[in-house]
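Subject: Handing over a structure

Dear colleague,

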Amino acid sequence: MSGRAGKRPAALAFAGLAAAAACVVTSATAVSATNEPSAAAAAFACRVTYSANDWGSGFSVTVGIGNVGSSAVDGWTLTYSYAGNQTLQQGWMGTWTQSGKRVTVTNASWNGTIPANGSVSAGANFSYSGANATPTDFAVNGAACTGTPPTTTSPPTTTTPPTTTTKPPTPGPAPALHVSGNKLLTADGTPYRLLGVNRASGEFACVQGKGIWDSGPVDQASVDAMKAWNIHAVRIPLNEDCWLGLSGSPSGAAYQQAVKDYAKLLETNGINPILDLHWTRGQYTGTSSACADVAATCQKPMPSRQYTPTFWTQVATAFKGDNAVVFDLFNEPYPDGAADWSDAAAAWRCLRDGGTCKGIGYPVAGMQELVDAVRATGAANVLMTAGLTWTNDLTQWLAYRPADPAGNLMASWHSYNFNACVTVSCWDSQIGTVAAQVPVQAGEIGQNSCAHDYIDQVLAWLDAHNLGYTAWTWNPWGCGQGNVLIEDYNGTPTKTYGEGYRAHLLAVKP
């Protein structure tokens, strides 16, 4: 996206699905030695939720298991049955199996523990025809849930142990990251995914008279609201003019300090900042132009050779040595649009090499020049570089990727329901091919209907391929603008887009 007032042109194919249908079923559990599937699983007070997003011939489902008891539970197995011909296609965040109409979900190795007052979720895709009634026979660890602790008989005791209060562990700082092969890794070699949201406004508010953050908070309380969603990455769109002090307010040093302060606050709370160059300088009035202004008041098709290398030199110098920060070199290139889509090879060369590009009236900075600008400072931060067509097209990304002497390069991909590549087969053939060789980060995902049926499919595919994603957007702008996750900066999710994405984040780990 190109900011609050500048939506991406919707000339590409629209692939919206039917509106989501959601329901919640509540029940609770106790277990005995004869109950299936296992007597070894501990009895606990639990609540089950079930939410289905139906598109007619299939649906995605998210099931949640909440522990409403006072102690953690290790190990869970959920069972339920369908009344129709629903057939399991793919499951995630647990081991899914189906025998006839009966479905069984067992915890994965990493989400078997449910803390007191905590929850876990799992998801799956099913096909079906005819009716799609909601199941009613949910059981966890072999018995139905009631929301209250199971009845137990305890022997009498003569002493009362002292009461102790354990403070929840404080999350550590955001991990330093590097690339190895097609994996993003932490310093100790653990695979890691950047899962979170975009926090827009740094790209436009400074040139629209709204300060830098559009009057929204960037304080500890606002970060706590993000942490309650299990957010581990925040992509921060930036404005070239404001950083360089060319226009806007705050501008120059004040803008730079505000960005540094926010990035550090996020890092301290265990959240990786992704600094994204979103709006740049350079006059462009051709195809799909969003503004005629030379200033950075909208998304331009490519960055400027005159200004953008300087921007990245300064940003890289500011964050050099802090490898928890990721650099997204340019938001959504569209040199193919500037050239009327007539020469794909020329557009890919423009993207990588810059220079004089058809349809663009200013000298262009290609991705190779921006990579070189960052590396010349000594910064080794992970870099994201985009494809064509507003970052939805990665078909030739491998052939035209810039060379990175640090070996810390990721491909950037954006996916919305109105893009051209909106099917699993397209993702497999185009995005999956790239992901087999380098990490792919879905820097923006969303759907302009404010439902979550489309992103549910994108998320399922990304999770299956162990790829990261940051959804658009953590700003309370109302669902009339689509792709809006929250009603307020306290983290109240929008219906149903925000609700669906929040439930998903709470069910996965980086």
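A residue is called buried if its relative accessible area is under 20%, exposed if that area is over 50%, and partly exposed in between. Please keep in mind throughout that this is a predicted model.

Are the two partners buried or exposed, or something in between? Cys450 has a relative accessible area of 5% and is therefore buried, whereas Cys479 has a relative accessible area of 26%, so Cys479 counts as partly exposed.

As a reminder, a disulfide is a covalent bond between the sulfur atoms of two cysteines. A search of the whole structure finds five of these links, and two others are described here. One of them is formed by Cys206 and Cys242, whose sulfur atoms lie 2.2 Å apart, and with 95° about the S-S bond this link is right-handed. Here too distant parts of the chain are linked, with Cys206 in the loop between β13 and α1 and Cys242 in helix α2, 36 residues apart; both Cys206 and Cys242 are buried. Another joins Cys291 to Cys298, with 2.0 Å from S to S, and because the torsion about its S-S bond is about -65°, this disulfide is left-handed. Both Cys291 and Cys298 are buried as well.

The other region to look at is strand β20, which covers residues 468-471. In a regular strand the side chains alternate between the two faces of the sheet. In β20, Gly468 and Thr470 lie on one side and Tyr469 and Ala471 on the other, and all of them are buried, which leaves both faces of the strand covered.

Which strands pair with β20? Strand β13 (residues 195-198) runs parallel to β20 and is joined to it by three bridges, with Val197 having Ala471 as its bridge partner. Strand β19 (residues 440-446) also runs parallel to β20, again with three bridges, and the partner of Ala442 in β20 is Tyr469. From β19 the chain passes through helix α9 (residues 453-464) to reach β20, and this β-α-β crossover is right-handed.

How values were computed. Residues are numbered from 1 along each chain as its sequence is written. This is a predicted model: local features need pLDDT of at least 70, side-chain atom pairs count only at pLDDT 80 or more; totals for chains, interfaces and linings use all residues. Side-chain values use heavy atoms; hydrogens and water are left out. Buried means under 20% relative accessible area, exposed over 50%, partly exposed in between (1.4 Å probe, protein chains only). Helices (H or I, at least four residues) and strands (E, at least two) are DSSP runs, numbered from the N terminus. Two strands pair if DSSP finds at least two bridges between them. A crossover is right-handed if, with the strands pointing away from the viewer, the path from the first strand over the helix to the second runs clockwise. A disulfide is a pair of cysteine sulfur atoms within 2.5 Å.
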